[in-house]
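User: I would like to go through the salt bridges of this model. Please keep the answers brief.

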Amino acid sequence: WMEKDDAHPVARALCEYAEQSGSLKTGFAVASTRLTSGGRELSLDGTRYSLHPLATSSDLLEVEFTVNGERVANFCFQDQLRDGAKELVSTLRHQELSVIVLSGDQPAPVAATLKDVGLEKESGIASLLPNEKALRIVRCQTPSLMIGDGANDAEALHAATASIAVRGEFAQCLEAADAVLLATSLRPVAGIFTIAKRLRLALVF
């Protein structure tokens, strides 16, 4: 019930696991607090519950569940690339555009994602807070496009020259973006850049 109203993929995975195991309890009129360092915390009847990511060298995202500061369980997750992610990166690189991954996840999972999409390790920055993502974009000092799908991306979406939010995720993410992708696949974004390049050529000639 700490994560039941959260649209983050990890939160959804935890709730699905709890439902399947029969351990998800409903009917609680309580609200958890999102931690700036990642995860959530909840106090109920004098007991403090916490879910937070762990800093490890594993390619997996590890989340620890504690009760009053004592570890009760560990959960491991593996990111799945969005459909069209590799094609989008390839299209952008082919057009000699810089691609940077800004993530709040730990370095090891981010490095694995970079490898999967064909980017160098230097093309990703991990362990960023929401405001730090926005600052990175502001300091870029060049026209930028930000694509985001989570609450942690709202500030960065607002800071970019142009921004696209993936439909079906956090409301604040959708509100901050200039456009909303009406699909979970990133293939349409690659198509946008291809069409834009053809349009520029048509205007020039």
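Analyst: Some ground rules first. This is a predicted model, where local features need pLDDT of at least 70, side-chain atom pairs count only at pLDDT 80 or more, and totals for chains, interfaces and linings use all residues. Residues are numbered from 1 along each chain as its sequence is written, and side-chain values use heavy atoms, with hydrogens and water left out.

User: How exposed is E41, and which residue does E41 form a salt bridge with?

Analyst: E41 has a relative accessible area of 27%, so E41 is partly exposed (buried means under 20% relative accessible area, exposed over 50%, partly exposed in between, with a 1.4 Å probe and protein chains only). A salt bridge here is a side-chain nitrogen of Lys or Arg within 4 Å of a carboxyl oxygen of Asp or Glu. The closest N and O atoms of the E41 pair are 3.6 Å apart. The partner is partly exposed too, at 34% relative accessibility, and is R48.

User: How many salt bridges does a search of the whole structure find?

Analyst: Side chains of opposite charge can pair when their charged atoms come close. The E41 and R48 pair is a salt bridge. For the whole structure, the search finds 6.

User: How far apart in sequence are the parts that R187 and E87 tie together?

Analyst: The side chains of R187 and E87 meet in a salt bridge, 3.5 Å from N to O. R187 lies in helix α7 (residues 187–204) and E87 in helix α2 (residues 85–94); helices (H or I, at least four residues) and strands (E, at least two) are DSSP runs, numbered from the N terminus. R187 is partly exposed at 42%, and E87 is partly exposed at 35%.

User: Which residues is S144 in contact with, leaving aside neighbours within four places in sequence?

Analyst: S144 sits in the loop between α4 and β8. At 18% relative accessibility, S144 is buried. Contact means heavy atoms within 4.5 Å. The residues are I137, A160, T161 and A162.
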